[in-house]
Amino acid sequence: MTIDRTQNEREGVAYTGTPSEQELHDSGGYATQERQERGPVAFIECVECIPCNPCESACPYHAITVGPDITALPQLDGEKCIGCGLCIAVCPGLAIYVKSKHHSETHTTISFPYEYVPLPSKGDTVNLTDRNGDVVCQGRVLNVFTSRRNDRTAVVQAEFDKRYCSEVVSMKLPRSDERERGR
Ligand code: SF4
Ligand code: SF4
């Protein structure tokens, strides 16, 4: 699949380094809105036609297809995806996360790849960010998965106020000087 960038000449990964909403929705990596409402599901934010496909073979439910052209964009079949998260750590581009929009009445959860140190700990309050790295809200870490199978990519699961559901994609810890000031 190719993406028509003519409508967003100043937006998008080629101009800003981060994909635009239009690119993400056109890429085939998102489940339908209706599917997103139903339970945990993967979000694939991979919009550049690079030769890559470990996400395809990582999914035991065959919910991700790249196909014989290894530069094709991964396509997510939201009906096959169960939100297990096994694809998150295998993506070298850190482009996949899993969200459960209605984890509770008030909170959404997100599981995303994280390759910085120190890792957060279960129970920590962290700053959750959008795809530009800007802080959106605070969240609470529910789990940090560091299985050997994930190599050195941890998967962090956090919960946060569902009002920010569409914006949050990752997190950042406070800098050491910010932590000092918070004492
Ligand atoms: S979250 Fe699980 S089921 Fe969904 S695409 Fe990833 S590996 Fe497949
Ligand atoms: S593994 Fe990641 S970077 Fe590679 S095709 Fe899949 S989503 Fe894109």
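Biologist: What are the residue classes in the shell around ligand 2?

Modeller: This is a predicted model. In it, the ligand 2 shell splits into eleven nonpolar, two polar and no charged residues.

Biologist: And which residues are closest to ligand 2?

Modeller: Cys46, Cys52, Cys55, Cys91 and Gly93, out of 13 that surround ligand 2.

Biologist: OK, how many surround ligand 1, and which are closest?

Modeller: Ligand 1 has 14 residues around it, with Cys59, Ala63, Cys81, Cys84 and Cys87 the closest. By class, that shell has twelve nonpolar, two polar and no charged residues.

Biologist: Switching topic: how is the chain divided into domains?

Modeller: Domain 1 covers 1-101 and domain 2 covers 104-176. Their C-alpha centres are 19 Å apart. Where they touch, domain 1 puts in eleven residues and domain 2 puts in 15.

Biologist: What's on the domain 1 side of that contact, by class?

Modeller: Six nonpolar, three polar and two charged residues face domain 2 there.

Biologist: Now the largest nonpolar core. Which residues have the most contacts inside it?

Modeller: Ala42, Ile44, Cys87, Ile88, Ile96 and Tyr97, in a core of 37 residues. Strands giving two or more residues to the core include β1 (41-44), β4 (96-100) and β8 (154-161). The largest share, five residues, is from β8.

Terms used. Residues numbered from 1 in each chain as written. Chains lettered and ligands numbered in written order. Predicted model: local features only at pLDDT ≥ 70, side-chain atom pairs only at ≥ 80, totals over all residues. Near = placed C-beta within 6 Å. Nonpolar A, V, L, I, M, F, W, Y, C, P; charged D, E, K, R; others polar. Domains from an automatic or database assignment. Contact = placed C-beta atoms within 7 Å. Core = buried A, V, L, I, M, F, W, Y, C linked by C-beta atoms within 7 Å. Buried ≥ 20, exposed ≤ 12 C-beta atoms within 10 Å, placed from the backbone. Helix = DSSP H or I, 4+ residues; strand = E, 2+ residues; numbered from the N terminus.
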